[in-house]
Amino acid sequence: MKVLLAPGGMWPEPAGVPLAGSEHGLAPGLVASCLARGWRSVRPHDSLTLMPMADGGAGSAQVIAPERVASREVIQGQGPLGQIREVDLVRLVPSPSRSGNRHRTEARTWFLDAGRLLALPADHDEAAQEALEGSTYGLGRVIGAALSRTGPSDTLLVGMSRSAVHDGGLGAMDALGGVSAAKDLLSHRSLGLVLADDIALGGMNGAGAALASVTSISPERAQELDRRACAWAMEGVSEAQEFDPGASGARRSLPVVSALDDVGLSASKHAAGSAGSVRLSVSTWGTGAAGGSALVLRALGAWARPGARVMAEIIGLGDAVRGQDLVVAASGELYDVLADGVVGVVGQQAASQALPCILVSGRCAVTRGELAAAGVTNAYGLQKPHAVEPWDAADSQWLESQLADMGSRLARTWSR
């Protein structure tokens, strides 16, 4: 039997925000290896393909297989409060052309794991300090450093997710030298934002309003921070648009030239559709990522796409699904199945080949009907119904053991 293991990371999700890198969760690669170990202990002759999935959040670069990496570099940057953190910059191997040959153009595609730089802390007090005092300046410096390594026609994909920092991208803009310098830096390059979280910057359901849930600050203080961040962000958007008076709404994105055919094509369509019809604002889709940096970067010409879809294209999920007998997805906590989330994307790929897809989760609060609509055949949770202790209460070793046991159970149930 041929089985594709395509799990996302299993992280706790307070207020619905995954804490990637938390000590109480497991990265996608480790989830896949634990499930595989358990499966092989029962069905050693089954053919298992391990393809861990990511959504553009912290650590996403780790799911890119070595054969798809032309080069990998670690860039040091400043975290929200000046901490030194490291992010991966990966240059991807060009995808084969339809004729079977590699692209002969010099255009290259890079992935910057920038989500690590501003990752949301698990501790609410630490998150509150980042919200009150933190800056996206380090993010701007890292993006600038990455762009300096790219060529004139290259594409830089930047992984971004939710952050406690909420400065409206002001720090990132300053780090790039202001609007004029940033536009020069981005000229003849394609900058793509790979968003793990599609939340808007402002509004009743925006990143600012959510600060009261993911930090220890009061709703009133969160509202004050949100107003300030939205004002700063819109000042940056207005200034960027003044440099391009002929544009209608947001500045036209640069043509996307990518070693990833699907990413380039999809992004180009998105850019063409949004440039003329969507006017950027604090309520625009995905502008809340990285404290509002996503908004100002889009005003400078960056395009944005759901992270799980881009990562699926980078790792070649669509090709891997073909010829399998079963697909296994995984998620830490599931309260709904987002079409552009890891589970939704894996489920859609399995459904496209009429394959059963099963889900392993720490806690699943989604009905069978919702799962079926997303292409998921069945779900298995680590947390027992009505259990007092949450699934992520124990240490990572216990969680690894539970996943290995789950792998054995799945093999006994599904292997033939």
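This is a predicted model: local features need pLDDT of at least 70, side-chain atom pairs count only at pLDDT 80 or more; totals for chains, interfaces and linings use all residues.
Student: Why is Ser408 called buried?
Tutor: Its relative accessibility is 11%. Buried means under 20%. Ser408 therefore counts as buried.

Student: Where is Ser408 found, and what does Ser408 touch?
Tutor: Ser408 is found in helix α14, residues 396-414. Leaving out residues up to four places away in sequence, Ser408 touches Gly38, Trp39, Ser41 and Val42.

Student: Which hand does the crossing of α1 and α14 have?
Tutor: The crossing is right-handed.

Student: Which residues make the contact?
Tutor: From α1, they include Leu30, Val31, Cys34 and Leu35. From α14, they include Leu403, Ala404, Gly407 and Ser408. Trp39 of α1 and Trp414 of α14 are also among them.

Student: How do you know that β1 and β9 pair?
Tutor: Two strands pair if there are at least two bridges between them. Three bridges join β1 (residues 2-5) to β9 (residues 326-334), so the two strands pair. They run parallel. Val3 stands opposite Leu326 in β9.

Student: What is the strand order of the open sheet?
Tutor: The five strands run β2-β1-β9-β10-β11, with parallel pairing.

Student: Why are β2 and β11 called edge strands?
Tutor: β2 (47-50) and β11 (378-381) each pair on one side only. From one strand to the next, the twist averages 25 degrees.

Student: Which helices pack on the sheet?
Tutor: Helix α1 (residues 28-42) does, touching β1, β2, β9 and β10. Its direction makes about 170 degrees with that of β2. Helix α12 (residues 342-352) also packs on the sheet, touching β9 and β10. The direction of α12 makes about 160 degrees with that of β9.

Student: Which residues have the most contacts inside the largest nonpolar core?
Tutor: They are Leu112, Leu156, Val158, Met160, Leu193 and Leu297. This core has 42 residues. Elements giving it two or more residues include β4, β6, β7 and α7.

Student: What does Leu297 touch?
Tutor: Not counting residues up to four places away in sequence, Leu297 touches Ile143, Met160, Leu176, Leu191, Leu193 and Ala302.

Student: How many residues are in the second core?
Tutor: This separate core has 38 residues, among them Ile314, Ile315, Ala329 and Leu371.

Technical notes: Residues are numbered from 1 along each chain as its sequence is written. Side-chain values use heavy atoms; hydrogens and water are left out. Helices (H or I, at least four residues) and strands (E, at least two) are DSSP runs, numbered from the N terminus. Axes are lines fitted to C-alpha atoms, for helices over the stretch in contact, and angles run from 0 to 180 degrees between N-to-C directions. Contact means heavy atoms within 4.5 Å. A nonpolar core is a set of buried Ala, Val, Leu, Ile, Met, Phe, Trp, Tyr and Cys residues joined through side-chain atoms within 4.5 Å. Buried means under 20% relative accessible area, exposed over 50%, partly exposed in between (1.4 Å probe, protein chains only). A crossing is left-handed if the near helix is turned anticlockwise from the far one by less than a right angle, and right-handed if clockwise.
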